[in-house]
Amino acid sequence: MPSPHWRALRGAILTLLVLGGIVNFLDRSALSIANTTMRVDLHLSATQLGGLLSAFSLAYGFAQIPAGWLLDRAGPRMILSAGMLLWSIAQVATGMVSGFAALIATRIGLGAGEAPFLPGGFKVIHDWYETHERGVPTGILNASTTLGQAFAPPLLTLLLLSYGWRSMFISIGLLGVVVALAWYPLYRDRESGHEEHNEPQRISLAAWRNLFRHRTMWGMMLGFSGVNYTAWLYLAWLPGYLEAAHHLSLRRTGWLAAIPFLMGAAGMLISGFAVDALVRNGADPLRSRKLIVVAGMVCSAASTFAVTRAESSGAAVAVIGMALFFIHFAGTSAWGLVQVAAPAQLVGSVGALQNFCSFLFASVAPVLTGWILDRTHSFHIALVICACVTFLGAMAYLSLVQEPMEAAAT
């Protein structure tokens with residue numbers, strides 16, 4: 001039976017991860033909220049703005065590889081604290097620059113700094129929770145990121161209108177510094193009777209390379225690309241879509257844009273409870289998560305396609321909310337799949353590889369959408385492409401993810 005001190009420490013660790021997740025996605029959302037204002041102030045085209053959004057996601061994706069390796073070698077305490085500090089400093093710097101090239105540099109810093117957070121967070125949950133109880137904390141951590149997206153439109157719009165976009169970036173950057181400085185002294189590696197916690201694991205290059213020989217690894221990387229393409233398109237362009245397609249003011253957009261992200265957070269939490277309930281009732285941990293992932297992605301693709309038919313802002317917000325509910329319902333179980341499919345000593349690496357591949361695809365979404373918008377003055381084609389990518393991701397999970405990868409670590 002875990003001691004009260006052990007339970008309190010585990011709760012404090014999860015709480016700080018949740019705060020980090022909220023700040024993480026406040027930071028990611030800031031450029032989308034300041035979209036129109038910065039384009040006018042700095043004379044940026046929609047394609048250039050899409051390029052800034054994609055610079056983040058490319059840096060984030062490529063940084064996954066060293067981030068996963070460092071997490072498995074050095075542990076979450078140092079790597080997460082350093083990552084939070086780097087991304088927060090980059091966010092502060094964004095409020096101080098005045099040119100496109102300098103903005104690209106700060107977006108690269110933001111992406112590289114944020115890279116370890118989700119793989120590291122889910123590695124922490126793997127280490128501190130047993131298989132039958134990981135669904136709920138996974139859902140809670142994942143929901144914190146979407147709560148950050150939900151808080152972002154009203155909170156950041158208020159800061160933007162009250163103090164300007166530069167002060168907005170600086171304020172939320174400083175908030176991240178506080179979380180980074182709190183994580184390092186608080187976090188401790190778990191001590192337990194589990195063999196994977198008895199002594200540090202030395203990760204060989206051969207074991208890491210062998211992951212790519214497993215169909216399940218490829219299914220997770222390609223499938224999660226459909227999850228992140230959808231999530232990143234809406235994160236990057238939802239405020240701009242509501243302003244351009246439905247002629248909403250910046251202030252009204254700030255409130256309405258929060259609704260779909262709140263629905264996404266609900267999808268994450270429900271997914272976590274559903275998975276734990278299925279496993280407690282005897283369902284296979286891998287197959288139950290795979291079922292939820294595929295079903296959620298197919299429903300999200302259908303909802304995104306329905307956005308192209310929405311004739312009012314209310315209808316658009318409702319179907320976008322359904323698209324985000326289902327994609328995050330799927331995405332939470334996709335992260336849970338990492339915890340049950342990956343070898344115990346390679347959870348950080350597998351999560352990072354999944355994120356790396358997915359963000360190579362996701363980085364296309366913002367710049368492609370901006371390019372299409374510049375030429376067609378419509379989001380219709382971009383939304384249809386998004387629905388297709390999501391559906392193909394579901395098919396990758398369905399056809400390729402078959403068994404755990406324990407043998408790949410030997």
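**Cysteines**

I began with Cys 386, which is buried at a relative accessible area of 0% (buried is under 20%, exposed over 50%, partly exposed in between, with a 1.4 Å probe and protein chains only). This is a predicted model, where local features need pLDDT of at least 70, side-chain atom pairs count only at pLDDT 80 or more, and totals for chains, interfaces and linings use all residues. Residues are numbered from 1 along each chain as its sequence is written, and side-chain values use heavy atoms, without hydrogens or water.

Next I checked Cys 299, and it is partly exposed at 32% relative accessibility. I searched the whole structure for disulfides (cysteine sulfur pairs within 2.5 Å) and got zero. For Cys 299, the closest cysteine sulfur is in Cys 386, 15 Å away, so a bond is ruled out by distance. Cys 386 is in no disulfide either, its nearest cysteine sulfur being that of Cys 388 at 9.2 Å.

**Helix pairs**

I took helices as DSSP runs (H or I, at least four residues), numbered from the N terminus. Axes are lines fitted to C-alpha atoms over the stretch in contact, with angles from 0 to 180 degrees between N-to-C directions.

Helix α11 (residues 215-246) packs on helix α18 (residues 380-400) at about 160 degrees, axes 8 Å apart. I therefore logged α11 and α18 as roughly antiparallel (angles over 145 degrees).

Helix α7 (residues 135-163) and helix α13 (residues 258-280) cross at roughly 175 degrees, their axes coming within 8 Å. I noted α7 and α13 as roughly antiparallel, too.

How values were computed
Helices (H or I, at least four residues) and strands (E, at least two) are DSSP runs, numbered from the N terminus. Angles under 35 degrees count as roughly parallel, over 145 as roughly antiparallel, 65 to 115 as roughly perpendicular and the rest as oblique.
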